[in-house]
Amino acid sequence: MTTTLPGPSAPTPAPTVPHAAPVPPGNAASLSVWPASARLTSRDDVAVAGVSLVEAAERFGTPVYLLDEGEVRERCRTYLRSFPDTDVVYAAKAFLCRALLRWVQEEGLGLDVCSAGELEFAVTTGFPPERIVLHGNAKSPDDLGAALRLGVGRIVIDSAWEIARLSALVPDGVRQKVLVRVVPGVSAGSHAAIRTGTDDQKFGLSITDGSAQHAVARILDQPRLELVGLHCHIGSQITTAKPYLTALRRVVGLLAQIRHQHGIVLPELDLGGGHAVAYRPGETSLDIPSLGARIRRELATSCTAAGLPVPRLTVEPGRALVGPAGVALYRVLAVKRTGDRIFVAVDGGMSDNPRPALYGVRYAPRLIGRRSTAGPCTATVVGRHCEAGDVLAADVTMPGDIRPGDLVAVPVAGAYHLSMASSYNAVGRPPVVAVADGRARLLVRRESLADINGRDVGL
């Protein structure tokens, strides 16, 4: 008996994958970074949300990305429980599609976007614009114009140039709510390319050199702008609460300075996101309930010490909501032994996941769909593209008899894969499939050669 994967119009859910069972104790760690619904089956397959990955690969082809709807929704609920009386907004840059927008909206989250494209996509999907925050270090006139036209709730000022530019675009009789993105001088994050809390990177306005204070004063002189708070995002893949608490204290200090100099109390504070997830068994993820309790406690303490009311808090998780909910499936195309190294080449690569090439990210790929009796080997899983840096997982343990035709699954694939994907070498981007309650349905179709060719208007 096998699981049936009904199409999008199927009237009833498919039965749960047969023989699926909790992971045996000896293998518990091997699925520790997978969605909570992941189960090993008697066929050496893995089922996610009751859907066989082998059958999903057969139905939708490879590469393919699966997204566990239940995992996304539960992670949204964890944030709301951990941050009561807080605006939790999903950072759309992690991954954006219409179904995901609906899920986070139904769970009560707002949205954080970085461009007119993301903004219009969200609003035309039905996301309330007043629950959307727009930010970015270099907003174009189109970005700002779209935000004003669509009625976005907050715009985050990231440079002095944006103040006059935005003010000139605001229609008569309107006051646009804005936040100032400040740089608190806190270094946090797993890689230099994703640390944004110090003065040596492109985002925000420095507290240390007075740029943030100057921007505040200029905004307060603009009758069409309403300064409602400060924004602070210090980096990504942050594993401990300490940097957030340090940044919070410094930003509260700036709030107190603003009150002293200008006689106003800003009612909002956005602490951004960057909450770490584990990509491999044994890695550390950020404890969200603990983070929420510590941030709220420190905010209350710091505001009391400064004689300030506690501002309305906003947090912006992205990766932490969707990353662990995603699984990428690839088909092995070739196995090559070069000297003392083994390369396992698959039918995807840096076109659907550029993160290893950009940041040196490490994953834990897994053979699925057949039982291997061979001993383990150390291999490097590589993509199909014409770049030596097209590596998906370096020096990982794989079965010694891995061979063409095998299926390889990569967990924690829900964030910053397809949102950063390309059509390099004219290889179309993979489809995205939602899995829930034993059913699989297509959310985003595979990009075809016709799609790629259609953009070229020709000779």
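How many disulfides does a search of the whole structure find? The search returns 0. The model is a predicted one. A disulfide would need the two sulfur atoms within 2.5 Å. Cys232 is likewise in no disulfide. For Cys232, the nearest cysteine sulfur belongs to Cys303, at 14 Å. Cys114 is partly exposed, at a relative accessible area of 25%. Cys232 is buried, at 1%.

Strand E11 spans residues 225–231. Of its 7 residues, 6 are buried, so E11 is largely enclosed by the rest of the structure. E11 pairs with strand E9, residues 176–183. The two run parallel and are joined by 6 bridges. E11 also pairs with strand E12, residues 268–270. Here 3 bridges join the strands, again in the parallel sense. Arg181 stands opposite His231 in E11. On the E12 side, Asp270 is the residue opposite His231.

Helices H7 and H8 cover residues 211–220 and 242–262. They pack at an angle of about 45°, and their axes are 11 Å apart. H7 is therefore oblique to H8. The crossing of the two helices is right-handed.

A separate sheet contains 3 strands. It is open, its order is E1-E2-E3, and the pairing is antiparallel. Strands E1 (39–40) and E3 (51–52) stand at the edges. Each has a single partner strand, so one side of each is left without a neighbour in the sheet. E2 comprises residues 46–48 and pairs with E3 over 2 bridges, in the antiparallel sense. Within this pairing, Ala47 stands opposite Ser52 in E3. In a regular strand, side chains alternate between the two faces of the sheet.

Ser52 caps the N-terminal end of H1. A side-chain oxygen of Ser52 lies 3.3 Å from the backbone nitrogen of Val54. Just after H1, Gly61 adopts a positive phi of about 80°.

Helix H3, residues 98–106, also carries buried positions. They are Ala99, Leu100, Leu101, Trp103 and Val104. Just after H3, Gly108 has a phi of about 95°.

Phe127 is found between helix H4 (116–125) and strand E7 (132–134). Is Phe127 buried or exposed? Its relative accessibility is 2%, so Phe127 counts as buried; the cut-off for that class is under 20%. Phe127 and Ser82 are 45 residues apart along the chain. Their C-alpha atoms are separated by 24 Å.

Definitions and conventions. Residues numbered from 1 in each chain as written. Predicted model: local features only at pLDDT ≥ 70, side-chain atom pairs only at ≥ 80, totals over all residues. Heavy atoms only, no water. Pairing = 2+ DSSP bridges. Helix = DSSP H or I, 4+ residues; strand = E, 2+ residues; numbered from the N terminus. Polar contact = N/O pair within 3.5 Å; in protein donor to acceptor, adjacent residues only side chain to side chain. Buried < 20%, exposed > 50% of the residue type's maximum accessible area, 1.4 Å probe, protein only. Axes fitted to C-alpha atoms, helices over the stretch in contact; angles between N-to-C directions. Parallel < 35°, antiparallel > 145°, perpendicular 65-115°, else oblique. Left-handed = near helix turned anticlockwise from the far one by under 90°.
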